[in-house]
Every structure is written in structure tokens, then in C-alpha cells.
Amino acid sequence: MKESETVSPSERPTIGVLTARKELKFDTPVFFQDLAIAAAALGAQLFLFSPDDVELSDGSIRGFIPDPITLTYQEDTFTNPNLILDRYLPYRKSFDELQKYQEIRQNPAFRIVNSCLPDKWNVYQILKAKPTVVKNLPTTRLYSSKTLRQMIKRYETVYMKPLHETGGRGIIKITHKRKGYSLYARDLHRVQSYSRVTSLEELLARIQKITLGHAYLVQQGLDLSLVENRVTDMRLLLQKTENGEWSVTGYGMRVGAKNSPTSNLHGGGIGKPVQLLYSRFGKKRSKRIRQRFLKLAYRVGRTIEKHCGQMVEMGLDIGIDTRGKVWLIEVNGMPGRQIFKQMDRMNLYRKAVSSPLRYILGLLSIKSSEKKAQT
């Protein structure tokens, strides 16, 4: 469907976005406002809702329509939306809310796209089994005091990551020094701290206090200091086209704040064009690196979808170490698009917002054509 085409209100497809909310506060509100603008331009009606807004007995949904002008929400009741885009992160939710979420996903009355990724450990297991991907994965183990001891002995730097968090929350970086260990930590509110300990036993005790019993991974540290004293990696956005094919919408380098354990934009990182690689590797070698990370991205997209079900998009955090080797650091099933704004690439940002909608409208078009063929 072209943006210039007009559709009467009665014919407009209705797209629900399943997400979390507290009162009228939604996750990533700016993105949802932009999504509503893109939906209107494509001739669709978009609304937001949470699991608590669904009445399972009759399938009615209390929906909230974003108003991009007033930045408020208009409330309405919806039944039988044409399709639901799942943008709900089930982490740190109550048992009742999670149960309701699962009931919604299993209800045949709702046509839902975008499967929720499993935790980081299960994603790692899926990708580790793929021969063409495993060579690009840092060594990763489930955290225990034993595995941490083993990993610290093997690698000068290791990272610990909570299984169920995103955006750099809960990250711990441990570097083994001759006189002990340096420990950078970021809590669940992204507040950063630094400390040094002299013994492994003291380190393990400190880690126990930080993790508070949460499940963690231990991952091989990589030398990603393409910019001195700053972690530098890449965020790549992989999205479905309206024809249902995977396509790389765009990518950019993330340069972390000085001495930060991560490159996350939420933690003070900044977005830079991929040409940043040229100063390190030269233009010719950078093009070969580009070919490798693009191949990896498509392999990851196909592998994840094969095991997890229908996906709409995913963000890949890709590391390029100082020797030019490409690594897959993490996969995010509900990625942000802020990096394109930081790079002043608004054309890519708008494309990144509208692509999921175009894919959804493509699915609806196929379904409509199938119905007509049967009549």
C-alpha cells in the first residue's frame, strides 16, 4: 500500500500493539507516537493495549490511540483487530499478568505476530547449534561461582549479564589485574559503580551481593576498543519487508561513554556512522568486514525464526574486535531505533518505524487475496 493512497475509515485495517503500561504511561512513548503517525500514513488505525486491557470472555480490548499532536491518548473499545503486534516484554511482571499474557497469545481469536524471544541463555543455545553462526559467538556459560572461576582463569576480561534484562541493565564487567580485579557494574536502573578487590574470594562475595540471586550469564570479554578507552560495537536492525523477506534496514556504531562497561545509548553511548571502521581498518578491509556481518545477520534472523516462531524484527549487537573479527554479542527481539536519530539519519529512522507496519499490511493483503480466491 502506497502512502499516498487514501482509505475510508470503515475500510482501514486495525492494528493493536500489545505492550506494558502503568496508568497512561507506556514503554517507549515517542516510538509509539511515531508508529501511530506511520500507521495513519499507510491507511491503518493503530492502538495500544496491555494484557490487563483484554476481556477474554468476549475478546473486547480497551485500547489507547496515540495522538501525535497533543501527545495524549484517546480511549476506545476494539473487537477483532485485524492483527496484533506483540511488543510486550514479560520480564519482571507479576504472575497474574504473565498468565493473562499467555492466555492472550494462545487465544485463536487474536492474530498475533512477533514471537517473544527466550532468555539470553536459550538464544545462545539456539545459535550455538548453528555451525555457520557458532564461530561468531563469544564463549558463554551460565553463572555459578565455579564457571566464573573458570572463565576468569581463561580470559582477562569477562562480562556478566542478567538473563532477563535489556538496555545494559545489570551488566557487570570484570577485569583480572596482577594485583586483583577491577569490577564495573551497572544496576537495574543503569546506575554505574566501580570497585577493586584483591582476591577471588572477595570478588565472588561482591558478585553475590550485586546479583541478588538473579540468573546471570558469564561471557568472554572482547577487545572492542576501536575508539581508545571506549567500548565500541554495532547495532544492526533486521526487519521483515512487506513481502515477508528479511532485510537489513540499517546499522550504526555505538561508542560507549569513557570507561563505561557497555556501549548502550541509554548508558551515555553515542551513535556514529559505520565509516568509523575506515580509520581502523581502511576502506577495502572495512567492506570485507561489512560483508561478513551482513551474512551473519541473515543467518541469525533465519535461525531464530525457525526455532522461536514468526518474527517481525530483531536488533543485533555486533562486535568487531581490534583484529577485525565479527562477533555476535546479543539479539534483541524488540529493538530500539534511537541510533538512527543520533546519526541524523531520519530517513532510516522513519523506515525503521514503518517497516513492521508494511509487513503487517502485507500479511493482511495476502489473507484478503486468499479469501477472494476461495469465493
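**Salt bridges in a predicted model**

At 46% relative accessibility, Glu75 counts as partly exposed (between buried, under 20% relative accessible area, and exposed, over 50%, with a 1.4 Å probe and protein chains only). This is a predicted model, where local features need pLDDT of at least 70, side-chain atom pairs count only at pLDDT 80 or more, and totals for chains, interfaces and linings use all residues. Residues are numbered from 1 along each chain as its sequence is written, and side-chain values use heavy atoms, leaving out hydrogens and water.

Confidence
- Mean pLDDT (the predictor's confidence in each residue, from 0 to 100) is 89, with 92% of residues at 70 or more.
- Residues 1-9 fall below 50, and beyond near neighbours in sequence this stretch has 10 contacts (heavy atoms within 4.5 Å) in the model.

The Arg62 pair
- There are 15 salt bridges (a side-chain nitrogen of Lys or Arg within 4 Å of a carboxyl oxygen of Asp or Glu) here.
- One of them joins Arg62 to Glu75, with the closest N and O atoms 2.7 Å apart.
- Arg62 sits in strand E6 (residues 60-67) and Glu75 in strand E7 (residues 72-79), 13 residues apart; strands are DSSP runs of at least two residues, numbered from the N terminus.
- Arg62 is partly exposed too, at 37% relative accessibility.

Around Asp317
- Asp317 meets Arg235 in a salt bridge, 2.8 Å from N to O, linking strand E19 (residues 313-320) to strand E16 (residues 232-240) across 82 residues.
- Asp317 is buried at 8% relative accessibility, and Arg235 is buried at 11%.
- Arg254 also forms a salt bridge with Asp317, at 3.3 Å, and both of these residues are buried.

How values were computed: Helix = DSSP H or I, 4+ residues; strand = E, 2+ residues; numbered from the N terminus.
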